[in-house]
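This report walks through a two-chain model. Please keep the sequence and the structure open while reading.

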Amino acid sequence: MRSIIFTIIFCIMQPLQAAIESRVFENPVYESRYYQMIDKLRCLVCQNQNLADSNSELARDLRDKTYELIAGGATNNEISEFMVTRYGQFVLYEPPVNRHTLILWGAPVVFAIIGIFVFVRVSRKSKNTTLLTVDANHVAQARDLLKDKSNN
Amino acid sequence: MRYLLPLGLFVALAVFLGIGLKLDPREVPSPFIDKPAPALELPTLFDNSKTISNSDLKGKPWILNVWASWCVACRQEHQIFVSYSRSKRVPLIGLNYKDAANDAKAWLQELGNPYDIIAFDLQGSTGIEWGVYGVPETFVIDAEGIVRYKHIGPVSSSTMKNTIIPLLQSLQSNG
């Protein structure tokens, strides 16, 4: 319990004093890739923040590591792989499609199909019922009204 | 009859949300389970000139406990390791994570030192290799150097008694 409270306190407190470090890049492509990567990687301490937004000490270390890897010529995939082998798939904000994430990626499609199916059925049903409930008297009345209008 | 479907959906949703409440999002499963332990090549806390390495520990299961003097939850679990160390079942290795050496030594003097060897990870780089994201963390490594178990957060006496010690016993009887 105490550790949870401290984690919360630290998550709130740190932004007051720490800002994201400035980095020097030898090439602008590295720079954009660096910001792209720290945006895509999750900080495991403040779990709903990425490395770019989190001010926890671990996030800072992992930003350092990302910088180091990019400067050392690692590709984005290699950096992701480095993080995944150490911290697990959870570190990726956008999980790759595989056996374990099939439900995650597939569920929206399944729900969309169910939604379309229900929508079509319901709208078809309501169309049928409106046709059936208009009785002959009302139709005749409507015709009379239209006739009056056209005579005027 | 017409309310059966919404009721069914509600019950299913309630069950899923109920399961979701029971899960602890802080317990991220370690990708190292059943994989070879990462490198532990560091100077020791008490003697900078000495180093520790995985190969020193081969042939016997061992426990790695990641701790720091600034870590409040480490105090909570420390006595469990102190009393465990008296039984001398397997080597207990400490990984002192991002700590000042003097603070760490003072902390051990105050609370007791259960560790056979303490690796000193000032930069936290070995911590990254092991996927440490919150101290304390505890790993159990078997005689072949394969990670068998990871516990995140302070080890309670029931975790020690019901999970770690039985696991070590089964690892020792296999080895």
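Which residues touch the most other members of the largest nonpolar core? They are Leu44(A), Leu64(B), Ile93(B), Ala119(B) and Val135(B), in a core of 61 residues.

## Model and confidence

The model is predicted. The predictor gives the complex an ipTM of 0.81 and a pTM of 0.75. In chain B the average pLDDT is 91, and 99% of the residues score at least 70. Where pLDDT is low, the predicted coordinates should not be read in detail.

## Chain A

Chain A has six helices and zero strands. Its pattern along the sequence is α-α-α-α-α-α. The chain holds 152 residues, and 16% of them count as buried. Take the contacts in chain A between residues at least 6 apart in sequence: 43% of these join residues at least 24 apart.

Leu44(A) is one of the core residues that touch the most other members. Leaving aside residues up to four places away in sequence, Leu44(A) touches Leu58(A), Tyr87(A) and Val91(A) in chain A. Leu44(A) also touches Val28(B) and Tyr133(B) in chain B.

## Where the chains meet

In the contact between the chains, 14 residues come from chain B and 15 from chain A. On the chain B side, helix H2 (72-87) and helix H4 (125-129) are the elements that give two or more residues. By class, this side of chain B has eight nonpolar, five polar and one charged residues.

Strand E4 of chain B spans residues 92-97, and six of its six residues are buried. Both faces of E4(B) are covered. One side carries Leu92(B), Gly94(B) and Asn96(B), and the other carries Ile93(B), Leu95(B) and Tyr97(B). Ile93(B) is also among the core residues that touch the most other members.

What joins E4(B) to strand E3 (residues 62-67) of chain B? Five bridges do, and the two strands run parallel. Ile63(B) has Leu92(B) as its bridge partner in E4(B). Between E3(B) and E4(B) the chain passes through H2(B), in a right-handed β-α-β crossover.

Strand E5 (residues 117-121) of chain B is also joined to E4(B) by five bridges, again in parallel. Here Ile93(B) stands opposite Ile117(B). The chain goes from E4(B) to E5(B) through helix H3 (residues 101-111), and this β-α-β crossover is right-handed.

## Backbone details in chain B

Two residues other than glycine have a positive phi. Asp34(B) has a phi near 65°. Asp34(B) sits in the loop between helix H1 (4-22) and strand E1 (42-43) of chain B. Is Asp34(B) buried or exposed? Asp34(B) is exposed because 11 other C-beta atoms lie within 10 Å, and the cut-off for exposed is 12 or fewer.

Lys98(B) has a phi of about 45°. Lys98(B) is in the loop between E4 and H3 of chain B. With 18 other C-beta atoms within 10 Å, Lys98(B) is partly exposed. A residue needs 20 or more to count as buried.

Which peptide bond is cis? The bond from Val135(B) to Pro136(B) is cis, with omega near -5°. Pro136(B) lies in the loop between H4 and strand E6 (137-141) of chain B.

Terms used:
Residues numbered from 1 in each chain as written. Chains lettered and ligands numbered in written order. Predicted model: local features only at pLDDT ≥ 70, side-chain atom pairs only at ≥ 80, totals over all residues. Helix = DSSP H or I, 4+ residues; strand = E, 2+ residues; numbered from the N terminus. Contact = placed C-beta atoms within 7 Å. Nonpolar A, V, L, I, M, F, W, Y, C, P; charged D, E, K, R; others polar. Core = buried A, V, L, I, M, F, W, Y, C linked by C-beta atoms within 7 Å. Pairing = 2+ DSSP bridges. Right-handed = clockwise from strand over helix to strand, strands pointing away. pLDDT = per-residue confidence, 0-100.
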